Amino acid sequence: LVSVLMIWLTLASVFWAGKSLGDIRLAVLATLITGTFYGLVDQARIASYDTHLVGWVTFAVAAGLWGMRPIKPVNWTSRIVIGWLFAGIGLGAALMTKGPIALLFFFIPLIAAMLVSPHRRFSNLIGMLFAVTLSLSITAPWYLYVIENVPSAYNELFGEWEAKGQSRYEPWYYLLRMPILTLPWVLWVISGLFQPFIRAHGARRKQLMMAWLWFVLLFIVFSVSGKQAERY
């Protein structure tokens, strides 16, 4: 039941991110597609902390994108502060879920959006650093306590990304054999990889590139790792 709630948080965050990167149509389509592909539906039925990680990280990224307002030339101070505040809270929850690996999933889409967007790069960078600082202030007391009282905690904490004992070693092309996880949207996922370069120009291409980099860079990160699991 908690996993289902975290998937609902994920979908709400996808809607929020879609609205921040586009319009209501993009937000609705992104939410419907995300909520109906096989991999997510299957994962929602499993009591896995990776489901919690997805929910909190997606919330944190969506809040950051909302605070950035990357496709609009004008933004408001109140929106910036509130957006990055919620991003920090979401990232803090993600760090409590699975440790420092959450930072990677937080940084990649937001830095990609900053690089593509021509607006407010410096202030967005400051906002992201504020969110990270807030998240660390939320989690530091707990981790300091655990490291001090549990001898093996430090090695376990910073070795979590290796997925010891949980995943198997697979070749780098392992994820390419997993199109079934995106059913029934396999063709749309593949064609979407070419859309920014074939059917978009100018500002529209920049908008698409933010999502494209979010997907592709994470896909590369997971492919480089020797340990693989379908839930990743």
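## Helices, salt bridges and a surface patch

Arg69 is buried, because its relative accessible area is 18% and the cut-off for buried is under 20%. This is a predicted model. Arg69 sits in the loop between α4 and α5. Its phi is near 50°, a positive value in a residue other than glycine.

Arg120 also belongs in a list of backbone features. Its phi is positive, about 55°, although Arg120 is not a glycine. Arg120 is found in the loop between α6 and α7. A further backbone feature is the cis peptide bond between Leu183 and Pro184, with omega about 0°. Pro184 lies in the loop between β1 (168-169) and α9 (186-192).

**Salt bridges**

How many salt bridges are there? The count comes to two.

| Pair | N to O distance |
|---|---|
| Arg45 and Asp42 | 3.9 Å |
| Asp50 and Lys98 | 2.6 Å |

The pair Asp50 and Lys98 links distant parts of the chain. Asp50 is in helix α4 and Lys98 is in helix α5, 48 residues apart. Are these two residues, Asp50 and Lys98, buried or exposed? Asp50 counts as buried, because its relative accessibility is 8%. Lys98 is buried too, with a relative accessible area of 11%.

The pair Arg45 and Asp42 reads otherwise. Arg45 has 68% relative accessibility, so Arg45 counts as exposed. Asp42 is partly exposed, with a relative accessible area of 27%.

Helix α1 covers residues 2-21. Its 20 residues, at 1.5 Å a residue, should span 28 Å. The end C-alpha atoms are 28 Å apart, which agrees. Buried residues of α1 include Met6, Ile7, Leu11, Val14 and Leu21. Ser3, Thr10, Ser13 and Ser20 are also among the buried residues of this helix. An α-helix has 3.6 residues a turn, so residues three or four places apart point the same way. What do the buried residues of α1 pack against? Their partners are α2 (24-36), α3, α4 (49-68) and α11 (202-224).

Gln43 lies in helix α3, residues 38-43. Gln43 counts as buried, because its relative accessibility is 12%. Its side chain makes a polar contact with the side chain of Thr51, at 3.3 Å. Not counting residues up to four places away in sequence, Gln43 touches Ser48, Thr51 and Arg231.

Val116 is found in helix α6, residues 101-116. At 15% relative accessibility, Val116 counts as buried. Which residues does Val116 contact, leaving aside neighbours within four places in sequence? They are Arg121, Lys206, Met209, Met210 and Leu213. The C-alpha atoms of Val116 and Met210 are separated by 6.5 Å. Along the chain, these two residues are 94 residues apart.

**A nonpolar surface patch**

Which residues form the nonpolar patch on the surface? They are Ile82, Leu85, Phe86, Ile89, Phe130 and Ile138. Together they have about 490 Å² of accessible area. The elements giving two or more residues to the patch are α5 (77-98) and α7 (121-149). Helix α5 gives the most, with four residues. Ile138 is found in helix α7. Ile138 is partly exposed, because its relative accessible area is 40%.

Notes
Residues are numbered from 1 along each chain as its sequence is written. This is a predicted model: local features need pLDDT of at least 70, side-chain atom pairs count only at pLDDT 80 or more; totals for chains, interfaces and linings use all residues. Side-chain values use heavy atoms; hydrogens and water are left out. Patches are made of residues with over 30% relative accessible area and no salt bridge: like charges are joined within 9 Å, nonpolar side chains (Val, Leu, Ile, Met, Phe, Trp, Tyr) within 5 Å. Accessible areas come from the Shrake-Rupley method with a 1.4 Å probe; for residues, only the protein chains shown count as cover. A salt bridge is a side-chain nitrogen of Lys or Arg within 4 Å of a carboxyl oxygen of Asp or Glu. Buried means under 20% relative accessible area, exposed over 50%, partly exposed in between (1.4 Å probe, protein chains only). A polar contact is a pair of N or O atoms within 3.5 Å; within protein, one must be able to donate a hydrogen and the other to accept it, and residues adjacent in sequence count only if both atoms are side-chain atoms. Contact means heavy atoms within 4.5 Å. The expected span of a helix is 1.5 Å times one less than its number of residues.
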